[in-house]
Amino acid sequence: MALFEAEHIHKRFGAQVVLEDISLSFGEGEVSGIMGPNGAGKTTCFHVLTGHYKPDRGDIRFAGEPITGLSPQSLARKGISRSFQIMNLFDQSAVIENVMVALPEFRARRRQMTRSVFDDAALVEAAREVLDQVGLAARAWEPAASLPYGDRRALEIGVAIAARPRILFLDEPTSGLGAEATRNLAELIRKLRTRYTIVMIEHDMSFLFDLADRISVVHWGQVIAEGTPAALRANKWVQRSGLGELA
Amino acid sequence: MISLSDISPRSGAWVTPQMVIVAAAMLSAPLWLRSVGLYQYLGIEIAIWMIYALGFNLLFGYGGLHSFGHGAYLGIGAYAFGLFQHHVAVSLWGGLLAAIVAAGIAGSLVGAAVSHRRGIYFALLTIAYGQVAWFCAIKLHWLTGGEDGLLNIPRPALDLGFAVVDLNDNTALYYFVTAALFVIVVLLWRITNSPFGRILQSVRQNEMRAAFVGYEVWRFKWAAFAISTAIAGLAGGLFAMAQESAYPDVMSLHQSGLIVMMVLVGGGLVNFWGPVLGVVLYFVARDVLGAMTETWLLWYGLMFVVMVMFRPEGLAGALHVLRRRLGVPAALRRAPAEQA
């Protein structure tokens, strides 16, 4: 059974139909990819799946439970986490604080008003573990805004995994990265795939085909093909769209 | 650009060295105020406005919520204190509790309405609700005394159980208000460094991300509004006691703007102690410049303009930059738990 399923999703903005009868499913422990040309509806699809937009029609289920139309905060508490294509960090806070705020144990203490967060060695340690995973432990006390671009991308993912999700949505994780930073990110995702179910939107086809177990191709607001990277390279629709060649 | 999160010390202690310095200055003030040409009542005003400004900065500096109608809650606290003394009982604790509860309830109701908004819409709504309160204070003559205000509010005695302190004496009242100030300082210090405070600062920086890591953003804005207005109510109650009256003027847009100005000039956006500096600067400027020229507010306004143009982080920010230039180590950048 799939961990996350979306069936017959429709989304329109005014007269513009952006998603038309999209159905997707992501298996537990898999790395799934969503690809497609600019304007295909990938990001809108991501926003619908992660609660930023409510679908006009269709059903979304997570671990068998209906979650259609739930808010992002409700989804985060259920174990659905995401990163953003445009950097979305707490820039003025230290790197470790960015991660700490996202930890479930920190969230459980959200009503606590008299105990300093920095008195709690367990919280600091938990945040450090996350920073270790994304390779930022050495920069824990630097302001997030001062990090280089590649490290900020890693912190984006760090904040998302700090929530200890069951499924992790990554929106264009290589966006703006150079070749070396992209290689480092691929290495990081290979490490993370042992712990999380991952869904990625990605424009870097070789990156996506290299990492994903299954890929769905979105075009004109619809899923036009899906399968393993090898199957998609041979798919006539994908070949016709030119996306397969890029991989 | 420096920010609250950048330079705020991360000490988890209940009492910090800065608190000790401010306490020493405040507690010794009755001994030296007159020798520098000032007077005891000014100390009371300063301490009350410090309470008000620190509470306001929880919302303004830490929450990034620009309330321009906060005078309403100072006024509600003042009226609640006065009405309690006139119609219920002459009681210090009863009056102060009434002030805190009345302003807190008003703030909770307004907060519930405005906390789903942000930016300019939040600011405009706070002005609108502030003006409603000001208008009610003027028109509900039977309750508030209208433009004349609520007069002859007594200063109830402080009953400590083993002794009774007469607060009609300005020095005694000053020490009482200073004690209240330190309760508020410690409370706000803990709140700003608590999980709640850190989440509030995260909401200020990035509402969307805060929602995506699992927080009901509006609840934090609402809670900050309620706490801040309850503290404004306490300040209002103390103000009514100090003035022995309550006037609608404290609820006016002008007065609400004044607290914003004090917090900004002091550096509330970048430092916990910014509002304290801003209040001292304003009242000293009022009395020292005011003794020299009737146009003192013009000079204070010009200073505000210069500050916004050249040092928008305010006095606290300027001091921080100076410390950095002099090579004094920056604020604690490591968690106490890690240092152990």
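Modeller: Chain A has a radius of gyration of 18 Å, which agrees with the value near 18 Å that a compact globule of 247 residues would have; the radius is taken over C-alpha atoms, and the globule rule is 2.2 Å times the number of residues to the power 0.38. Along its principal axes the C-alpha trace of chain A spans about 60 × 40 × 35 Å. This is a predicted model, in which local features need pLDDT of at least 70 and side-chain atom pairs count only at pLDDT 80 or more, while totals for chains, interfaces and linings use all residues. Residues are numbered from 1 along each chain as its sequence is written, and chains are lettered from A and ligands numbered from 1 in the order in which they are written.

The secondary structure of chain A comes to 11 helices and 10 strands, where helices (H or I, at least four residues) and strands (E, at least two) are DSSP runs numbered from the N terminus. An automatic or database domain assignment divides chain A into domain 1 (2–79 + 165–246) and domain 2 (89–157), whose C-alpha centres lie 27 Å apart. Nine residues of domain 1 of chain A are in contact with eight residues of domain 2 of chain A, contact meaning that the C-beta atoms, placed from the backbone, lie within 7 Å. On the domain 1 side, helix α7 (residues 179–192) of chain A gives the most, with five residues.

Of the sheets, one is open and has six strands in the order β6-β7-β8-β3-β9-β10 of chain A, with mixed pairing; two strands pair if DSSP finds at least two bridges between them. At its edges stand β6 (80–82) and β10 (222–227) of chain A, each with a single partner strand, so one side of each has no neighbour in the sheet. Neighbouring strands of this sheet are turned by 20° against each other on average, direction ignored. Helix α1 (residues 42–49) of chain A lies across β3 (31–35), β7, β8 (197–201) and β9 (214–219) of chain A, at about 150° to β7(A); axes are lines fitted to C-alpha atoms, for helices over the stretch in contact, and angles run from 0 to 180 degrees between N-to-C directions.

Another open sheet, of four strands, has the order β2-β1-β4-β5 in chain A and antiparallel pairing. Here β2 (16–27) and β5 (65–66) of chain A are the edge strands, and each has a single partner, so one side of each is left without a neighbour in the sheet. Strand β4 (residues 57–62) of chain A is joined to β5(A) by two bridges, with Phe62(A) having Glu65(A) as its bridge partner in β5(A). Helix α1(A) also packs on this sheet, touching β1 (2–13), β2 and β4 of chain A, and its direction makes about 60° with that of β2(A).

As for the partner, 31 residues of chain B are in contact with 34 residues of chain A, and α9(B) gives the largest share of the chain B side, seven residues. The predictor gives the complex an ipTM of 0.90 and a pTM of 0.90. The mean pLDDT of chain B is 91, with 93% of its residues at 70 or more, pLDDT being the predictor's confidence in each residue, from 0 to 100. Over residues 331–340 of chain B, however, pLDDT stays under 50. Where pLDDT is low, the predicted coordinates should not be read in detail.

Notes: Contact = placed C-beta atoms within 7 Å.
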